[in-house]
Amino acid sequence: MSAILLAILLALGVLLAVLILAGGLVWAERRLLGLWQDRYGPNRVGPFGVLQVVADGIKILMKEDWVPPFADRSVFVLAPAMMMAAVLLPFAVIAFAPGIAVADLNIGLLFFLGMSSLAVYGAALAGWSSNNKYSLLGSIRAVGQMISYEVFMGLALMGVVILTGSFRLGDIVRAQAGMWFCVPQLPGLVLFLIAGLAETRRIPFDMSEADSELVAGYHTEYSGIKFALYYFNEYIGVSLISALITALYFGGWLGPWLPPLLWFFLKTLVLIGFFILVRATLPRLRYDQLMSLGWKVLLPLALLNLLATGAVVLATGH
Amino acid sequence: MFSILRSIWYVFLHAFRRRFTVQYPDRLRRLPPRWRGRIILARDPDGGERCVACYLCAMACPVDCIALQATEDDHGRRYPEFFRINFSRCIFCGFCEEACPTRAIQLTPDYEMAEYERPNLVYEKEDLLIAGPGKYPGYNFYRVAGVSIKGKQKGQAEGEQPPEDVKTLLP
């Protein structure tokens, strides 16, 4: 009985932590963007502007929650929820510390890849159900981008799996006790980072939103809490990719004298900061540049990485 | 690829530079003295109004935001009976300041004039008149002009010679 209770509490704890992290990201992104753009972020509401999240939340809940009369109502309401499920579920397989994982599945990594494929539905159905040209264009771009970049995301991860011999995230972290995988798998890390940026539709791959070009892409018709869900999903996606990169390439919870959970958290935060730094730096890729980059450059590189890793492992017999 | 990484590094270094935001309203930006802000009506060094109600500023104004009416006091000195500037129309171009012959109307570096109701943006002479000479301290129009007012007859201005009695010019 207490084992079940502990499992439920762990699941709720992880859920709460992720949601608080995503909410904190709303504030952190604006402050960090300001830091790197020689300006202040929000600093009026509360100490250092931390209550900005509360202010944003109140604002967005007060907005009119309107479903367009020309839209497909049930799908319109379901799409953000589907996407949220698809980005929240992979947190269950991540091992935050030895013993702290909601479900350290032996196919954990494969589960994450499957869930990221389901996240495409959230974007696709949003644009389709909106019954609006710009939304449809945005969702077409989002779907094309996400599907193309998923192909070599899986291949880049295979390098890690070859070095470890298992899909279980706990095993992958333990296999990095000697040397973190960012060193032998540096091309794989870069590829997974780029793929992660494209999966969560962050800059420089946010052509599907394209704030100044495509109105708001596939979430043009959304307002109020449904839009807030999409906004949150982006931040939860960023947290997910950062947590995964930490677990897969940067040693997860491994580290000298701090508690393991704290190490995991700190590394994830540094990576989230890196995501925000990339947003502050890079211009947006044009859609055809994005697609040709994915298929013509990154997919062959992922295959080469896999080939090289496999050859070395086979030759040296690790 | 290298240029991308280098850009990311350079933007990261911006975290250690000074931020350029001026935190209004705790700190205010320093404005130059000729900054065209709120309009005022100045006075002479002797305390009288400088404005002679010549209508030049109203004619120069490109959006017709100045309204005034001239009148004379008992000693022949012209002054405006009312002087009204509609700040919801004013574009702060400074043409009125350039047109004024007596340096009466001036633009000051003040911009905090926000109101909740539009009629409150129409400033009357009492709102515009200030106690001092504004940006041009020593100038007194009536001391250099030839008009006669209380305390100064014709011929008593600076650099002016007394009027000739033409009867003495007869051969």
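**Chain B and its contact with chain A**

Seventeen is the chain B share of this contact, 17 residues, against 15 residues from chain A; contact means heavy atoms within 4.5 Å. This is a predicted model, in which local features need pLDDT of at least 70, side-chain atom pairs count only at pLDDT 80 or more, and totals for chains, interfaces and linings use all residues. Residues are numbered from 1 along each chain as its sequence is written, chains are lettered from A in the order in which they are written, and side-chain values use heavy atoms, without hydrogens and water.

**The interface**

- Chains B and A bury about 1500 Å² between them, with 59% of it on carbon and sulfur atoms. Buried area is the accessible area (1.4 Å probe) that two parts lose on being put together, summed over both.
- Ile8(B), Val11(B) and Arg19(B) lose the most area on the chain B side, together 42% of what that side buries.
- The rule finds one salt bridge across the interface. Asp26(B) and Arg44(A) meet in a salt bridge at 3.5 Å, N to O; the rule asks for a side-chain nitrogen of Lys or Arg within 4 Å of a carboxyl oxygen of Asp or Glu.

**Chain B as a whole**

- Chain B has five helices and five strands. These are DSSP runs: helices (H or I) of at least four residues, strands (E) of at least two.
- Their order along the sequence is α-β-α-β-β-α-β-β-α-α.
- The C-alpha trace of chain B spans about 100 × 40 × 30 Å along its principal axes.
- Of the 171 residues in chain B, 29% are buried, meaning under 20% relative accessible area (1.4 Å probe, protein chains only).

Conventions:
Buried means under 20% relative accessible area, exposed over 50%, partly exposed in between (1.4 Å probe, protein chains only).
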